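Welcome! Keep the 3D view open and look for each place as you read.

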Amino acid sequence: MIRKTRLFTPGPTPLLPAAQFAMAAADIHHRTPEFRALYTRVLAQLKEFVGTSNDVILLSSSGSGAMEASVSNLTSPGDRVLVLSAGKFGERWTGIAKSFGCEIDLVSEPYGQTFDMEKVKAALKPDTRVVYMQANETSTGTQHDVKAVAQLLKDTNSEALLVVDGITGLGTSTLDMDDWGIDVLIGGSQKAVMIPPGLSYLAISERAWARMESTKNPRYYFDLRKERKNAVKGESAYTPAVALIAALGAAFDWIAAQAATTDNPAGNLVEGRKKLVHNAEVISEMTRAAMVALGFKLFTESPGSAATAVYAPEGVDSGLVVKELKSRFAAIITNGQGEMKGQIFRIAHLGYFDYMDMIALIGAIEQVVVKSIPQLKASFGDGLIAAQKVYAERTA
Ligand SMILES: *Cc1c(COP(=O)(O)O)cnc(C)c1O
């Protein structure tokens with residue numbers, strides 16, 4: 001049998017063809033009117049995609065660069081910060097904050113769990129300067145309650161800024177930055193926006209911009225104030241990843257067009273983003289239902305729509321499912337990260353995945369289960385029937 005390689009990984013995600021064409025055509029110089037027009041347009045689209053009236057800054061780096069920028073720009077050595085961590089990416093906040101000399105208060109939960117708000121409340125101090133968390137902890141597939149943390153900061157009149165790594169939360173869940181009171185919301189290019197790795201972005205509140213005037217940590221390449229000044233002129237401070245910026249514009253056009261009507265064939269980016277989120281919600285629910293119907297146990301108590309994490313049964317290495325899907329069907333899913341390696345496998349839903357992709361993957365997983373994990377006692381169709389029902393109900 002021939003096999004078509006398909007990514008089902010939570011970053012990088014499958015590439016949108018329209019974005020690939022835009023990249024190939026993007027041989028323009030970055031100090032020209034052509035680039036300034038492109039950059040200005042993409043920055044405006046980013047605001048709509050994030051759903052904020054705040055300025056959005058685009059960086060030529062992977063997502064971790066924007067995470068680092070939100071520490072280096074917003075803190076001084078010795079500042080007290082609160083990190084909420086329940087997985088690999090939560091641990092990254094601790095690592096970055098430590099590198100910049102912050103005093104860290106940590107609310108840490110085991111992989112697969114989310115935070116108890118009473119513990120978060122107890123850990124928040126009058127002198128906490130910044131709270132760092134994920135919207136979706138991709139290493140475990142867990143959605144954290146950003147709104148509840150934002151509400152806690154409001155209720156306690158905290159001066160702490162709320163910084164949210166929304167790298168897989170954006171485009172898969174609702175994150176109302178302005179209404180909830182998020183101060184910095186971070187995204188990355190290789191996730192829901194369907195383009196290659198290499199760009200990150202941060203939406204930044206006025207409160208956070210003001211904080212940057214007094215903080216003392218060193219920053220040069222990732223000086224957000226410098227980027228903001230340049231962005232007003234339609235430029236970035238240094239040579240940007242021009243081809244990726246062209247790709248991002250094309251991806252936003254495509255997302256907007258998902259909400260096209262006969263009166264408005266170009267569509268609308270805000271409505272298109274809602275469709276993208278709905279899509280991730282439906283296909284993740286299909287996947288969860290299918291995995292449970294096949295006899296698997298889900299890993300997290302608070303599943304998000306970016307990726308589904310599934311336990312391998314007792315005595316089975318989760319790498320078996322990853323390997324079999326790759327060798328038999330050229331479908332690439334991911335193993336657990338960090339301490340969960342060998343115990344769980346993860347299937348992505350963010351970005352350019354549709355009903356057809358998910359049904360095909362569930363069918364392939366049935367082949368793997370029936371042949372290689374007989375102890376689950378599953379039959380062909382068990383997972384597909386569950387997924388079909390979810391699809392029919394959610395799109396009725
Ligand atoms: C992918 C990802 C990141 C960014 O990682 P990079 O490899 O630096 O792009 C950060 N946080 C989360 C939750 C992610 O999923």
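A residue is called buried when its relative accessible area is under 20%, exposed when that area is over 50%, and partly exposed in between. With those cut-offs, Glu-271 is partly exposed, because its relative accessible area is 38%. Please remember that this is a predicted model. The structure holds 16 salt bridges, and some of them are picked out below.

**A salt bridge within one helix**

- Glu-271 and Lys-274 join their side chains in a salt bridge, with 3.4 Å from N to O.
- Both residues sit in helix α11 (residues 269-293), and because they are three residues apart there, about one helical turn separates them.
- Lys-274 is also partly exposed, since its relative accessible area is 45%.

- Asp-79 and Arg-129 form a salt bridge whose closest N and O atoms are 3.9 Å apart.
- Arg-129 belongs to strand β5 (residues 128-134), while Asp-79 lies in the loop between α3 (63-72) and β3 (80-85), so this pair ties together parts that are 50 residues apart in sequence.
- Asp-79 counts as buried because its relative accessibility is 12%, whereas Arg-129, at 26%, counts as partly exposed.
- Another salt bridge connects Asp-183 with Arg-207, and here the closest N and O atoms are 3.0 Å apart.
- This pair also links distant parts of the chain: Asp-183 is in the loop between α7 (177-180) and β9 (184-188), and Arg-207 is in helix α8 (residues 206-211), 24 residues apart.
- Is Asp-183 buried or exposed? At 3% relative accessibility, Asp-183 counts as buried, while Arg-207 is partly exposed at 41%.

**The sheet**

- Seven strands make up an open sheet with mixed pairing, in the order β2-β10-β9-β8-β5-β3-β4.
- Which strands form the edges? They are β2 (55-59) and β4 (103-108), each of which pairs on one side only.
- On average, neighbouring strands of this sheet are turned by 20 degrees against each other, direction ignored.
- Strand β8 (residues 161-165) pairs with β9 in the parallel sense, over three bridges.
- Val-163 has Val-184 in β9 as its bridge partner.

**A helix across the strands**

Conventions: Residues numbered from 1 in each chain as written. Predicted model: local features only at pLDDT ≥ 70, side-chain atom pairs only at ≥ 80, totals over all residues. Heavy atoms only, no water. Salt bridge = Lys/Arg side-chain N within 4 Å of Asp/Glu carboxyl O. Helix = DSSP H or I, 4+ residues; strand = E, 2+ residues; numbered from the N terminus. Buried < 20%, exposed > 50% of the residue type's maximum accessible area, 1.4 Å probe, protein only. Pairing = 2+ DSSP bridges. Axes fitted to C-alpha atoms, helices over the stretch in contact; angles between N-to-C directions.
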